[in-house]
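Work through the exercises below with the structure in view. Each one sets a task and then gives a solution in steps.

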Amino acid sequence: MAKKEYSFYPGCSSQKGASASNYQTSVDAMCDTLDIQLNEIPDWNCCSASIGYAEGGELPRIALTARNLALSEQANPGQDVVATCAACWLSTRESKDRLLEDSQLMKETNEALAQAGLKVQANQKIRHMVEVLIEDFGYDELGAKVTKPLEGIKIAGYVGCQTNRPFGIDGESFENPMYLDKLVETMGGEPLEAYDKKVQCCGGALAFSEPEKSQAMIKDIIESAYDHGAEMIVTPCPVCQMNTEVYQEHINKKYNTKFNMPVVYYSTLMSVAYGKGYKESGLDGQIIRAKKLEEISKR
Amino acid sequence: MADEIKIGAYICKGCGLGERLADAQLATIATRDAKASIAKEHDFLCSAAGVAMIQNDIDNEGINRVAICACSRRAKTDAFAFENVAITRGNLREGVIWVRPDTDEARETTHEMAADYVRMAVVEAKFQKPPSKNADAQYNKNILIVGGGYSGMTAAIEASIAGYPVTIVEKNAHLGGNTAQFYKRVPNHAPYAEPADTGIADMIKTVENDKNITVHVNSRLTKTDGSPGQFSADISTESGSTNTQQFGSIIQASGFTPYDANQLPELGYGKSANVVTQLELEKLAKEAKGSPIKRPSDGKEVTNVVFVQCAGQRSTKEGHLPYCSGHCCLTSIKQAMYFKENNPAVDTNVIYTDLRTPGAGGEDFYRSGQDKGVLFTKGQVNEVIEDGASLKVKFKDLILNEDIEEETDLVVLATGMVANSGVDIEAVVKIDTNDEKEKSPANEIKINVKDISVLNLTYRQGPDLPHLKYGFNDSHFICFPYETRRTGIYTTGPVRRPMDLQQAQEDATGAALKAIQVVENASQGRAAHPRSGDLSFPSFRKEGCTQCKRCTVECPFGAIDEDEKRYPVFNESRCRRCGTCMGACPVRVISFENYSVETVGQQLKIVDVPDEFSEKPRILVLACENDAYPALDMAGMNRYEYSAFVRIIPVRCLGSVNLIWITDALNSGYDGVILMGCQKGENYQCHFVKGSELAHERMGKIDETLKTLSLETERVETHEIAITDIKRVPEIINNMAATIEKIGMSPFKF
Amino acid sequence: MADLNVAAIEKYRNNFLKEVEANVEEGEWVKMCMQCGVCSGSCPLGSAWDHPPQELFMMIRAGKREEVLTSDSMWMCTSCYNCVVRCPRGLPITHIMHGLASYALRLGLAPKNQPTRKFAVLFWENLVKTGRVNELKLGLNLYFMNGFIEGIKTALGMQKIGLGMWKTKRMSPMEFFGGHGCKDAKGLQAILKKAREIEDAKRQKFNS
């Protein structure tokens, strides 16, 4: 099987010493097994996520992501842009769509980009890593590489918002996407079929500005996983991961709960199932340790 | 045909019947008990060989009554379609082996059940005659259309294309009706974005140039007589001349009258010239011819306009219309576009409580209106008042929950449609003398219907078509569009129910087809819907008749008139063959060749009724063939078991059930009787409209009969059954069996 | 009713709708709302909105300019896009909410102490500096956005989380001193400056 190459947009949270650095670690391990080469977009910048809109406005926000596309076109011509972060993927894909359907916007964006000697065409595909896995590999191929199946672990697939809406993964429904469950099954784990908070919002960026309201929603997400017998939660989004993992102690205090639910990335599960070690799989990045995965990784 | 009755009983052994009923000796029972001339068994009766065997007996053995004891009468009708003989069916499959368990202890009662159905099929055949068709049938291809508006002209053009000559009678001086007053219409094709030409001028031209279509303007029907295939109509002009013509069928497309907006003073109508109805706005738009629309009071160009939806409709207030007229939301969107077309800066606000845009393109047209900047406000308009030269619209914004006043140049009221359905004959002629007059909402709300007859029928039951609801001339809103309760007369367009042009076009095409269909059926003496093709018809023994008029009053289709001595006059081609007259007749003089008091009465009498101590009760079910009998068949198909003590006889309609059958059954020792008919009342499902209703009324008096016989009232039940009540029908039967077990067997066994 | 005032009569016109159409991102969609309320029912923070999206759209059409632009409501949007995928009319509701918030902020009408407003401004300022978000600085700024004393309290409350993040190497104190960033931060800033100029010039044109 030939090596697959993509133009990679890692995003701020994946950087060393940032909140989703463990995501990046596990993605690297997973890509190693799958023989994927990620060519980082040189000098990429922040996408402004779902909060930059207020001060940024429309055109500056689009120019921001357009700069990344322009840099990708220069350095990695012909390659699909792949993001691991939900917000990075959403912002970039949205900008690309807007640029292509609105020639005036394209003109103005290029006018702005010209300030740094750049020009954008925006005709490459913008994909989430999960799309790469499902479309370019497929469940069967992903399953074939499993050496340590995640037997007996009940895992709640928490899809969240931005990998699911407004674009979503091709072929999945907005109300009940199944790909995480299928991935869990492919890795030998047991998906949580009746998980009713699968696409519930965690508050996103408002976890910072509206902590009370957000934590009420996060509580529901974790509680439903517990109620249906999950031993851990898996998610494709750095914000979802962080919000559902780090606030559990706050929530325990406020709601008198006893949550201690590990929240991992799909890439963590895959790295472990592919036989990668504790550190390679990013398990050292768990604030709430995923002990069942640790056991398997040590086997 | 030979007068001698020769019955052939044919017993099928296919579909498991042979195995299950092996020792039942059904052929012997047919000849010995029921006196069939011959009885034959066949392994596969509906096969070509089986059918050929029967046909051979008809051709060579003189068999003229065929009793097929096999599957339900609803199955294999194509195979068992023998001509010029009477055919009956004994339902051994769906009615016996499929509803009984195949066990040793059940075998005896199952065999008894089968034996009874064989006896019943043979004896029914004995008392039937092969129906001979109406000797009086006539073929008249001419179709009369009352009303030359959009619906009437559409029906005329469609009928003419199909080769049927048409005569249009229009009361006004010109064709075109209300549509001719429109500036433009709501579009009827993609992309459903702009108001379109009404096309009415072209339509009038088409009608006027069609040699197959004759138009009488300034004319009315002053007398309509006869029946399908032989209607006679007096067409009278305003000047007084009358000519009488013959028609095969009639389409009533008499349309609607706009609701009288003078009843809405709170909305400023009549107080300010700047409050207009939708129809009046069409006139203003037409006069403007694409230039800015002007305010009626002073001719100022309108810069803002408010559309008030549901003005005097969808309201329970006195004098208002309780129903939705269906077209008004789209009409207001269209009219708002009239203003936007000329000047996009004109403010147009449509104030609605519920926006409804029916039809294929309705939603697209709404979207197009929004896209053009028409404002839509969910609100309830309470008052429109004159304020100097302009108007103030006071309304409650239902989203923001605020009272708002909006100043505007012009207010357009979306008032509703009132059907031009003529005289409400049921209000004029008191049909029922019963004290308990049904109190449905439809009856309580009085609609202001004009009392001028449209058809001037000479029918005994009144000069116009009976109304269904709110003065509209529909027959049945789900199953039978176009049908009215006068055979061969179909309604179409807004006289049938409120509708817009697009719906009226489809509607009128359908009505034209129905009118053609009845012409063809009537010419061959066949019934119209729903017993389409039936050749039987009612006759009566005049010498026994007491002139009680029940049949003439109760016929749901006004098919029976009265002669000068008050004897009934049956207009055969008006008859739908439901048998309601037969059920009504207290002296039992009315019968059909193949359906009579005897054909059913002899069946229930030939059933073997074991004695009181046998612990084998008998339950008679009279089941309507339209919904109840299919439900019973489907219970069999689903293998839902029910009591082996039941004997089921299908009837054409519960309305045809004569009380003598009930008393005969009780006197013969039946332990229980169940009547199964269709839903009655306002949302009736009765295929003959009133049959189920009348049966329930008649059965209301059965308790007295039971008391005189010293029988428990629980022994007789009447149920409303839907075709989907597949699980319920066995329950009803089994509950009756349980009741009998509780109250004991009938003492009337011999 | 007390609300029957002249202002309402004057304002129940298309003017504010037109202002929104011209100035607010995806604002031209506002007129297409059919008031079904699916967006309001689908919003995870629905109960926290004084005026849910459906109502905001109606208020825009009703010309309630002040009430809309000074509202706290659209700042409650978590960008979950539930309303967008469910809207039967296909309105990009999330974007319109973002656009309204951004427009209100630009006009100086957005509520001053709205926490998401503050956070959003901090976030943008943070990212513009180096081209990438510095989570540590953003966090610290966030804690102190309500003043020094409040900040210490919040920071103490969040201490354990910080500690957990630091221990798992998902937060680095080194970020405080410089940290990650784009090499061509200057070029990026020039791009953003130009983009802002173009956008402002267009608004100027409408408002003049």
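**Exercise 1: Strand pairing in chain A**

Task: Find how strand S1 of chain A pairs with strand S3 (residues 81-83) of chain A, and over how many bridges.

Solution. The model is a predicted one.
- Step 1. S1(A) and S3(A) run parallel to each other and are joined by 3 bridges.

**Exercise 2: The build of chain C**

Task: Describe chain C by its elements, its domains and its extent.

Solution. 
- Step 1. Count the elements: chain C has 12 helices and 0 strands.
- Step 2. Locate the domains: the assignment places domain 1 of chain C at 6-110 and domain 2 at 115-203.
- Step 3. Taken over C-alpha atoms, the centres of these two domains of chain C lie 28 Å apart.
- Step 4. Along the principal axes, the C-alpha atoms of chain C fill a box of roughly 60 × 40 × 35 Å.
- Step 5. Chain C has 208 residues, and 47% of them count as buried.
- Step 6. Among contacts in chain C with a separation of 6 or more, 59% are between residues 24 or more positions apart.

**Exercise 3: Contacts between chains**

Task: Which of the 2 pairs of chains in contact shares the most contacts, and which element of chain C gives the most residues to the side that touches chain A?

Solution. 
- Step 1. Set aside chains A and B, which do not touch: their nearest C-alpha atoms are 19 Å apart.
- Step 2. Of the 2 pairs in contact, chains A and C share the most contacts.
- Step 3. This contact takes 53 residues from chain A and 54 residues from chain C.
- Step 4. Several helices of chain C give two or more residues to the side that touches chain A, among them H6 (82-86), H7 (93-106) and H8 (115-130).
- Step 5. The most comes from H12(C), with 10 residues.
- Step 6. Sorted by type, the residues on this side of chain C are 29 nonpolar, 12 polar and 13 charged.

Conventions. Residues are numbered from 1 along each chain as its sequence is written. Chains are lettered from A and ligands numbered from 1 in the order in which they are written. This is a predicted model: local features need pLDDT of at least 70, side-chain atom pairs count only at pLDDT 80 or more; totals for chains, interfaces and linings use all residues. Domain bounds come from an automatic or database domain assignment. Two strands pair if DSSP finds at least two bridges between them. Helices (H or I, at least four residues) and strands (E, at least two) are DSSP runs, numbered from the N terminus. Two residues are in contact if their C-beta atoms, placed from the backbone, lie within 7 Å. Ala, Val, Leu, Ile, Met, Phe, Trp, Tyr, Cys and Pro count as nonpolar, Asp, Glu, Lys and Arg as charged, and the others, Gly among them, as polar. A residue is buried if 20 or more other C-beta atoms lie within 10 Å of its own, exposed if 12 or fewer, and partly exposed in between; C-beta atoms are placed from the backbone.
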